[in-house]
Every structure is written in structure tokens, then in C-alpha cells.
Amino acid sequence: MREGFRQLEEEAYTGLGPRKVLIFDEDTEELAQYAEPFENQGFEVHKCASVESAMRCVEREAFDLALVDQDSPAFEGRRVIRHLVRYNFPVPLIVLARPGDERSCQQALELGATEYLEKPVSSAELNGVIKKFLESSPGE
């Protein structure tokens with residue numbers, strides 16, 4: 001099994017350095033949980049625990065992938081999505097959604113999200129996201 005992770009680690013690294021992923025979640029425990037599979041597989045992970053820090057990060061860096069937490073019924077993560085689309089389009093963008101909130105998921109897709117995962121999101125689901133991303137993105 002470790003062999004498969006080694007291959008993903010090598011694929012996560014390009015000639016220009018590791019691929020960059022932005023993860024936004026105001027819950028620091030969830031933020032660390034979501035970041036771990038990416039870090040374990042060689043990604044450079046930018047963890048943002050506030051909308052403002054995520055937006056500043058988007059202005060400074062170009063990302064290969066982004067995970068944005070829906071955050072609350074008011075869906076503050078929508079601001080991060082708009083910023084990503086403005087500064088870093090196109091980027092595969094995955095929304096981490098509260099169970100049963102199809103309205104926010106639809107809004108996220110309309111704003112430019114690629115897909116959404118319903119919370120709680122397992123490490124296995126995140127590894128699936130990583131694998132799908134690496135298979136669909138050209139190696140550099």
C-alpha cells in the first residue's frame with residue numbers, strides 16, 4: 001500500500017516544485033484533517049482558517065487545487081470561491097458542504113466549483129480527490 005502513496009507523492013511533485021493546494025475551513029481541527037492526506041502525498045498545502053486569510057493567499061499564490069468549506073448557512077466560503085475564480089481561474093475547486101444543503105452546493109457550482117463533497121469527509125474520499133486530480137492533470 002505504501003508503494004501507491006510513493007507513486008502519488010512523485011506525481012504530486014512537478015519540475016517546478018510540489019503542487020499547491022489551498023484549503024479553507026474555519027474549524028482548525030477539520031482544516032488539519034483535510035490537509036493531512038495532501039501533505040502526506042507531497043503537496044504544498046496552504047491552510048486558511050478565515051475568509052480574509054484565504055483571500056489574501058489567493059492574491060499571492062497560484063494554486064493547482066482548492067478545497068473550500070461551505071462554512072455556515074450564510075456560506076461565507078462563497079467569497080473565497082469568487083476570489084479563486086477571479087485570481088486563479090481555472091482551478092479545480094471542491095466545496096466541502098454541510099449535509100443536505102443542496103442550495104449552497106448549487107450556488108458553488110454556479111460560481112465555478114468543480115464538485116462538492118458532503119461533510120464529514122473521510123481521508124479515503126480525500127485520497128480519491130487527490131488520485132482523480134493527478135490523473136486529470138498533466139505532469140510538468
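**Phenylalanine 24**

I began with phenylalanine 24 and placed it in strand E3, residues 20–24, where helices (H or I, at least four residues) and strands (E, at least two) are DSSP runs numbered from the N terminus. The model is a predicted one, in which local features need pLDDT of at least 70 and side-chain atom pairs count only at pLDDT 80 or more, while totals for chains, interfaces and linings use all residues. Residues are numbered from 1 along each chain as its sequence is written, and side-chain values use heavy atoms, with hydrogens and water left out.

Is phenylalanine 24 buried or exposed? I noted that phenylalanine 24 counts as buried because its relative accessibility is 0%; buried means under 20% relative accessible area, exposed over 50%, and partly exposed in between, with a 1.4 Å probe and protein chains only. I also looked up its C-alpha distance to histidine 46, 22 residues apart along the chain, and found 8.5 Å.

**The chain as a whole**

I then listed the secondary structure, which comes to 6 helices and 7 strands, and wrote down the order from the N terminus as α-β-β-β-α-β-α-β-α-β-α-β-α. Of the 140 residues in the chain, 46% are buried. Taking contact to mean heavy atoms within 4.5 Å, I found that residues 24 or more positions apart account for 66% of the contacts with a separation of 6 or more.

Leucine 84 is found in helix H4, and I counted it as buried because its relative accessibility is 0%. Leaving aside residues up to four places away in sequence, leucine 84 touches Leu22, Val58, Ala66, Val68, Phe89, Val91 and Leu93. From leucine 84 to alanine 62, 22 residues apart in sequence, the C-alpha to C-alpha distance is 9.2 Å.

I next turned to how helix H3 (residues 51–60) lies against H4, and found an angle of about 5° with the axes 9 Å apart. That makes H3 roughly parallel to H4, given that angles under 35 degrees count as roughly parallel, over 145 as roughly antiparallel, 65 to 115 as roughly perpendicular and the rest as oblique. The axes here are lines fitted to C-alpha atoms, for helices over the stretch in contact, and the angles run from 0 to 180 degrees between N-to-C directions. On the H3 side the contact is made by Val51, Glu52, Ala54, Met55, Val58 and Glu59, and on the H4 side by Arg79, Val80, His83, Leu84 and Tyr87. By class I recorded 7 nonpolar, 1 polar and 3 charged residues for this contact of H3 with H4, with Ala, Val, Leu, Ile, Met, Phe, Trp, Tyr, Cys and Pro counted as nonpolar, Asp, Glu, Lys and Arg as charged, and the others, Gly among them, as polar.

**Helix H5**

In helix H5 (residues 102–111), I found Ser104, Cys105, Gln107 and Ala108 buried. They cover an arc of only 160° around the axis, which puts them on the same side of H5; the arc is that of the directions from the helix axis to the C-beta atoms. The face of H5 turned away from that buried side carries the exposed residues Glu102, Arg103 and Glu110. What do the buried residues of H5 pack against? I listed helix H4 (77–87), strand E6 (93–97) and strand E7 (115–118).

The axes of H4 and H5 come within 10 Å and cross at roughly 15°, which makes H4 roughly parallel to H5. Here Arg78, Ile81, Arg82 and Val85 in H4 meet Gln107, Ala108 and Leu111 in H5, a contact that I sorted into 4 nonpolar, 1 polar and 2 charged residues.

**Backbone entries**

Just after H5, I noted a positive phi of about 130° at glycine 112. In the loop between E7 and H6 I came to proline 120, where the peptide bond from lysine 119 is cis, with omega near 0°. For background, most residues other than glycine have a negative phi, and most peptide bonds are trans.

**Helices H2 and H6**

My last entry concerns H2 (residues 28–40) and H6 (residues 123–136), which pack at an angle of about 45° with their axes 9 Å apart, and that makes H2 oblique to H6. Gln33, Tyr34, Pro37 and Phe38 in H2 meet Ser123, Leu126, Asn127, Val129 and Ile130 in H6. The residues of this contact divide into 6 nonpolar, 3 polar and no charged.
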